[in-house]
Amino acid sequence: MLAPGCELDPDQEVVRTRPEDYFLRPPSHAPCTACGTVMTIHIVERMALVIPASNSSMRSDRNTYVGKRFVHVKNAYLDSMDEDILYHLDLGTKTHNLLAMFGDVKFVCVGGSPNRMKAFALFMHKELGLEEAEEDIKDICAGTDRYCMYKTGPVLTISHVMVIPSISIMLHELITLLHHARCYDVTIIRIGTSGGIGIAPGTVVITDIAVDSFFKPRFEQVILDNIVTRSTELDKELSEELFNCSKEIPNFPTLIGHTMCTYDFYEGQGRLDGALCSFSRDKKLDYLKRAYKAGVRNIEMESTVFTAMCGLCAAVVCVTLLNRLDCDQINLPHDVLVEYQQRPQLLISNFIRRRLGLCD
Ligand SMILES: O=P(O)(O)O[C@H]1O[C@H](CO)[C@@H](O)[C@H]1O
Ligand SMILES: O=c1cc[nH]c(=O)[nH]1
């Protein structure tokens with residue numbers, strides 16, 4: 001077991017936790033960098049499937065992608081399949097020419113609400129000055145009502161509904177789609193809403209690391225009857241780039257901080273206004289204050305699985321709708337809510353235009 005207060009070499013991919021939880025690789029041992037105490041370490045799988053476009057310190061298993069960094073699928077079975085049906089997207093390798101449809105995608109923007117994501121696609125269409133008529137921007141996944149998807153030039157926009165399992169299914173099919181379409185140098189961004197902790201409503205939080213309800217930077221996935229823990233590391237350069245973009249927008253409160261991802265909006269986020277509540281106001285505030293102290297600035301419900309699957313060329317940008325130290329209910333006037341929800345969209349549009357060399 002880990003000695004209390006010990007630190008491991010930060011370059012090591014480890015998590016310090018209960019040994020029985022980690023089955024992915026057998027535990028090994030390493031000395032604490034400070035005191036030399038030998039500790040049991042449990043290797044966490046690096047899951048990120050999308051390869052960063054500009055990362056000079058890529059691991060050797062990623063170095064096969066010199067020049068173009070293709071979207072990577074860690075599944076040996078896929079390429080031997082005669083046909084791959086992406087059921088929830090209503091797309092498939094035999095029914096659609098995925099290379100022709102999606103081969104030029106460079107940015108993927110995801111968010112919960114189908115209407116908000118459609119509005120973002122139409123906004124991007126305008127911002128990129130694309131010639132195609134707005135009416136021609138159709139939902140590519142119209143054959144299913146699970147998710148919606150729009151393509152505007154190199155920007156693919158997809159809704160993922162709410163919570164980890166829903167975004168996880170979408171990401172499996174999205175990443176497979178990008179792989180079939182031979183996409184490369186892709187950046188994936190989640191644009192959403194969240195509850196803030198200790199910050200003014202309307203603040204945009206750019207996530208530096210996604211943490212779970214225990215403030216740990218990990219995502220636990222049950223696979224068969226094992227729990228596999230995956231890293232939720234994000235590309236720091238990308239968050240800095242986004243932060244710099246935000247400085248160019250007037251009256252645009254933005255910060256970089258940890259984002260906590262929960263499995264529930266009510267009890268899971270310490271709300272007193274759900275159908276069930278088994279804790280006191282004091283316990284709630286104590287929890288949220290501990291979260292703040294651990295670096296958490298906002299709470300939402302998808303970031304850990306999103307970062308685990310897309311991490312090293314991905315970003316999470318969420319506006320806060322309330323300060324959870326003050327209240328639980330979201331009672332913003334409709335026009336304010338709409339304006340707040342547009343903030344991450346505005347930032348990402350500026351970022352994409354800048355990356356495409358379209359900014360003045
Ligand atoms: O703004 P979106 O992307 O919908 O995400 C946030 O809003 C939902 C809760 O209202 C959760 O899914 C949370 O993560
Ligand atoms: O408090 C909030 C607000 C939006 N989304 C969440 O997950 N929590």
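In this predicted model, a polar side-chain atom of R116 lies 3.1 Å from an oxygen atom of ligand 1. R116 also belongs to the contact between helix 2 and helix 7, where R116 of helix 2 is listed with A119, F120, F123, M124 and E127.

**Ligand 1**

- The residues around ligand 1 are G111, G112, R116, H160, M162, R190, G192, T193, F265, E300, M301 and E302.
- The backbone of G112 places an N or O atom 2.9 Å from an oxygen atom of ligand 1.
- The side chain of E302 has an N or O atom that is 2.5 Å from an oxygen atom of ligand 1.

**Ligand 2**

- Around ligand 2 are T193, S194, G195, F265, Q269, R271, I299, E300, M301, L322 and I330.
- T193, F265, E300 and M301 are among the residues around ligand 1, and they are also among those that surround ligand 2.
- Q269 has a polar side-chain atom 2.8 Å from a nitrogen atom of ligand 2.
- R271 has a polar side-chain atom 2.6 Å from an oxygen atom of ligand 2.

**Helix 2 with helix 7**

- Helix 2 (residues 114–127) and helix 7 have axes that come within 10 Å and cross at roughly 35°.
- This crossing of helix 2 and helix 7 is right-handed.
- On the helix 7 side, the residues that meet helix 2 are Q341, Q345, L346, I348, S349, I352 and R353.
- By class, the contact of helix 2 with helix 7 comprises seven nonpolar, three polar and three charged residues.

**Helix 4 with helix 7**

- Helix 4 (residues 236–247) packs against helix 7 (residues 334–355) at an angle of about 105°, and their axes are 9 Å apart.
- Angles of 65 to 115 degrees count as roughly perpendicular, and helix 4 is therefore roughly perpendicular to helix 7.
- From helix 4, the residues L238, E241, L242, N244, C245 and S246 meet L347, I348, N350, F351, R354 and R355 of helix 7.
- The contact of helix 4 with helix 7 divides into six nonpolar, three polar and three charged residues.
- I348 of helix 7 takes part in the contact with helix 4 and also in the contact with helix 2.

**Helix 3 with helix 6**

- The axes of helix 3 (residues 164–180) and helix 6 (residues 303–310) come within 9 Å, crossing at roughly 20°.
- Angles under 35 degrees count as roughly parallel, so helix 3 is roughly parallel to helix 6.
- Helix 3 passes helix 6 in a right-handed crossing.
- Helix 3 contributes I164, I167, S168, L171, H172 and I175, which meet T304, V305, F306, M309 and C310 of helix 6.
- Eight nonpolar and three polar residues make up the contact of helix 3 with helix 6, with no charged residues.

Terms used. Residues numbered from 1 in each chain as written. Chains lettered and ligands numbered in written order. Predicted model: local features only at pLDDT ≥ 70, side-chain atom pairs only at ≥ 80, totals over all residues. Heavy atoms only, no water. Axes fitted to C-alpha atoms, helices over the stretch in contact; angles between N-to-C directions. Helix = DSSP H or I, 4+ residues; strand = E, 2+ residues; numbered from the N terminus. Parallel < 35°, antiparallel > 145°, perpendicular 65-115°, else oblique. Left-handed = near helix turned anticlockwise from the far one by under 90°. Contact = heavy atoms within 4.5 Å. Nonpolar A, V, L, I, M, F, W, Y, C, P; charged D, E, K, R; others polar. Near = heavy atom within 4 Å. Polar contact = N/O pair within 3.5 Å; in protein donor to acceptor, adjacent residues only side chain to side chain.
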